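This briefing goes through selected local features of one protein model. Please keep the sequence and the 3D view at hand while reading.

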Amino acid sequence: MYKKQMKLQKILCLGLLIVSAMIFIYSLGIMTDLYDALYTTIRSAKNLDKSTVTGSRVYYDMQPFNKLFLRLSIGMILVCLTLFITNTQNRRKYYIGNYCSIALVAASGIAFTVWAHGQIETFKAQFLAINFEELAKHAEKRKTLYTESTFWFDIHYLIFGLLIIGIVLLIGSTIWKRKLMKEEQALIAGGKETTV
């Protein structure tokens, strides 16, 4: 049983690190379509309401969010690295550092997911309020991207869903590990009693 649990914990630690890296890549790409489609619609960054397309200020409104999102995604990678720093991926017996690392990953991952989901859904609604007829005319005139796609907003369900699944499995693996450690201690105690 220990071998299966240890194999699972190794896969989960690596998986969470990979998902954190995916979130980082996502934070770099979330503004791609918005830049290509909306950047040229704003005449002056000093007056965001002066635009050839009604509602196109969402591109500028998202800038502070995107900056923080990028930083938090880097932070999530560093938090997931604590699993490797504490040797959680291959430790037979967990110590306080392992439990602290798992708790930190779980708490920060859930908080990050809740915050990001709220922000992304708000900006998605703002994006959908754009006057797409005006955007189509602007794109045709300026030879820029025209899109009504919400792909970059919607993909967060998949990416953060993977993060939450990884966290739930990590917690489940920890509970399993605790059970195995207690059973092992009981066997050791029983063995000592029979030899005395």
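The model is predicted. A search of the whole structure finds 18 aromatic pairs, while the number of disulfides is zero.

**Helix α6**

- Helix α6 spans residues 132-142, and its buried residues are F132, L135, H138 and A139.
- Seen down the axis of α6, these buried residues fall within an arc of 115°, so they line one face of the helix.
- The face turned away from that buried side carries the exposed residues E133, K137, E140 and K141.
- Cover for the buried residues of α6 includes α2 (32-38) and α5 (96-128).
- At the start of α6, N131 places a side-chain oxygen within 3.2 Å of the backbone nitrogen of E133.
- Just after α6, K143 has a positive phi of about 60°.

**Strands β1 and β2**

- Strands β1 (residues 42-44) and β2 (residues 47-51) run antiparallel and are joined by two bridges.
- The two strands form a hairpin, with two residues between them.
- S44 has N47, in β2, as its bridge partner.

**Cysteines**

- The structure holds zero disulfides, and C80 is accordingly in none; the nearest cysteine sulfur to that of C80 belongs to C13, 8.8 Å away.
- C80 counts as buried, at 0% relative accessibility.
- For C100, the closest cysteine sulfur is in C13 at 15 Å, which is too far for a bond.
- C100 counts as partly exposed, at 47% relative accessibility.

- N98 is found in helix α5 and is buried, with a relative accessible area of 0%.
- Leaving aside neighbours within four places in sequence, N98 is in contact with T86, N87, T88, R91 and K93.
- I159 is found in helix α8, residues 156-195, and counts as buried at 7% relative accessibility.
- With neighbours within four places in sequence left aside, the contacts of I159 are V19, M22, I23 and Y26.
- I159 and Y26 are 133 residues apart in sequence, yet their C-alpha atoms are 8.4 Å apart in space.

**Aromatic rings**

- Among the 18 aromatic pairs found in the whole structure, F65 and W115 form a tilted one, with 5.4 Å centre to centre and 35° between the planes.
- This pair links distant parts of the chain, with F65 in helix α4 (residues 63-85) and W115 in helix α5, 50 residues apart.
- F65 is buried, with a relative accessible area of 4%, whereas W115 is partly exposed, with a relative accessible area of 26%.
- F65 also forms a tilted aromatic pair with F123, at 5.5 Å centre to centre and 40° between the planes.
- F65 lies in helix α4 and F123 in helix α5, so the pair ties together parts that are 58 residues apart in sequence.
- F123 is buried, with a relative accessible area of 9%.
- Ring pairs link Y26, F65, F69, F112, W115, F123, F151, W152 and F160 into a cluster.
- Y26, one of the residues in this ring cluster, is also a contact of I159.

Conventions: Residues numbered from 1 in each chain as written. Predicted model: local features only at pLDDT ≥ 70, side-chain atom pairs only at ≥ 80, totals over all residues. Heavy atoms only, no water. Buried < 20%, exposed > 50% of the residue type's maximum accessible area, 1.4 Å probe, protein only. Helix = DSSP H or I, 4+ residues; strand = E, 2+ residues; numbered from the N terminus. Arc of directions from axis to C-beta. Contact = heavy atoms within 4.5 Å. Polar contact = N/O pair within 3.5 Å; in protein donor to acceptor, adjacent residues only side chain to side chain. Pairing = 2+ DSSP bridges. Disulfide = S-S within 2.5 Å. Phe/Tyr/Trp six-rings, centres within 6.5 Å; stacked < 30°, edge-to-face > 60°.
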